[in-house]
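Open the model in a viewer and keep the sequence panel beside it. The stops below are given as selections, each followed by what is found there.

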Amino acid sequence: MSAIRDPLADHLLTPQNAALIVIDYQPSQIAAVRSMDPDLVLKNIVSTVRTAKVFGVPIVHSTVNVSSGRGKPTVPELAELLGDSPPIDRTTLNAWEDPDFLAAVRDTRRRKLILCALWTEICMAFPALDAIREGYDVYPVVDAIAGTSVEAHRAGLERVMQAGGHPVSWVSLACELQRDWARQETVEDVVRIVLTERLLKE
């Protein structure tokens with residue numbers, strides 16, 4: 001195994017320099033997804049969260065309008081995984097404008113934000129643009145997010161990329177965090193999450 005580069009200074013994502021942000025994976029948002037198959041989006045966000053947990057990446061979890069009764073909680077298959085990251089409920093469409101959410105992100109002390117939200121063009125794009133403006137590196141997981149149309153998803157991603165965002169996929173994220181198959185403590189879990197239960201099964 002080669003020497004591990006400084007995990008804090010590394011320009012790539014590492015378990016030590018990144019946080020995962022999960023925003024608004026709620027029934028009505030998923031029901032309105034049109035840019036890709038909603039069931040696939042859900043599978044991909046579940047795999048993304050499972051990967052983050054394997055590597056001990058801090059997770060900030062947020063919902064919108066649950067306490068007001070207008071929205072339903074995070075969908076059960078994801079809420080179960082996020083049990084130790086209770087949701088920060090907001091009224092703002094832009095999570096970055098919610099003080100509790102913003103405090104939770106800052107409390108992670110991570111400058112690289114892996115960003116997953118529904119929908120791409122709103123709840124991903126708005127906080128991504130604010131985070132980039134504040135000097136964070138933002139990594140939208142392009143196949144674990146979705147928009148209300150193909151065009152809306154594309155426009156949301158392009159807007160964030162033009163501002164300096166770095167798109168990743170859920171599989172590339174898992175491999176970027178693993179980085180070396182000689183790092184045995186996480187290999188078995190990564191192979192199961194990425195290959196055995198997903199890519200070699202579907």
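Start by selecting Asn65. In this predicted model, Asn65 has 18% relative accessibility and counts as buried, because the cut-off for that class is under 20%. Asn65 sits in the loop that runs between strand E2 (59-64) and helix H3 (76-81). Check its backbone: phi of Asn65 is near 65 degrees, a positive value in a residue that is not glycine.

Next, select Asp24, in the loop between E1 and H1. Phi of Asp24 is also near 65 degrees, again positive in a residue other than glycine. Asp24 counts as buried, at 0% relative accessibility.

Now move to Trp119, in the loop between strand E4 (112-117) and H5. Display the backbone from Leu118 to Trp119: the peptide bond there is cis, with omega near 5 degrees.

Which pocket do Asp24, Asn65 and Trp119 line? They belong to the lining of the second largest pocket. The volume of the second largest pocket is about 180 Å³. Helix H1 (27-31) supplies at least two residues of the lining, and so does H5. Coloured by class, the lining shows five nonpolar, four polar and three charged residues.

In soluble globular proteins, nonpolar side chains tend to be buried together. Centre the view on Leu78 and show its contacts: leaving aside neighbours within four places in sequence, Leu78 is in contact with Val22, Tyr25, Ile45, Val46 and Val49.

Select Asn17 next, in the segment before strand E1 (18-23). Asn17 is buried, with a relative accessible area of 6%. Two distances can be drawn from its side chain. One runs from a polar atom of the Asn17 side chain to the backbone oxygen of Asp10, at 3.2 Å; the other ends at the backbone nitrogen of Thr14, at 2.9 Å. Not counting residues up to four places away in sequence, Asn17 touches Pro7, Leu8, Asp10, Leu12, Arg110, Arg111 and Lys112.

Now show the largest pocket, with a volume of about 300 Å³. How many residues line the largest pocket? The lining has 17 residues, and those nearest the centre of the pocket are Ile4, Pro15, Leu177, Gln178 and Arg183. Helices H7 (170-178) and H8 (184-199) each supply at least two residues of this lining. By class, the lining divides into six nonpolar, five polar and six charged residues.

Stay on helix H7 for the last stop and select Ser172, which lies in that helix. Is Ser172 buried or partly exposed? Its relative accessibility is 31%, so Ser172 counts as partly exposed. A polar atom of the Ser172 side chain lies 3.0 Å from the backbone nitrogen of Ser169. Finally, draw the distance between the C-alpha atoms of Ser172 and Val194: the separation is 9.9 Å, for residues 22 apart along the chain.

Terms used: Residues numbered from 1 in each chain as written. Predicted model: local features only at pLDDT ≥ 70, side-chain atom pairs only at ≥ 80, totals over all residues. Heavy atoms only, no water. Contact = heavy atoms within 4.5 Å. 1 Å grid on protein atoms, 1.4 Å probe; cavity = no way out; pocket = protein on both sides within 12 Å on 5 of 7 lines; lining within 4 Å. Points joined across faces, edges and corners; volume = space filled by probe spheres on them. Helix = DSSP H or I, 4+ residues; strand = E, 2+ residues; numbered from the N terminus. Nonpolar A, V, L, I, M, F, W, Y, C, P; charged D, E, K, R; others polar. Buried < 20%, exposed > 50% of the residue type's maximum accessible area, 1.4 Å probe, protein only. Polar contact = N/O pair within 3.5 Å; in protein donor to acceptor, adjacent residues only side chain to side chain.
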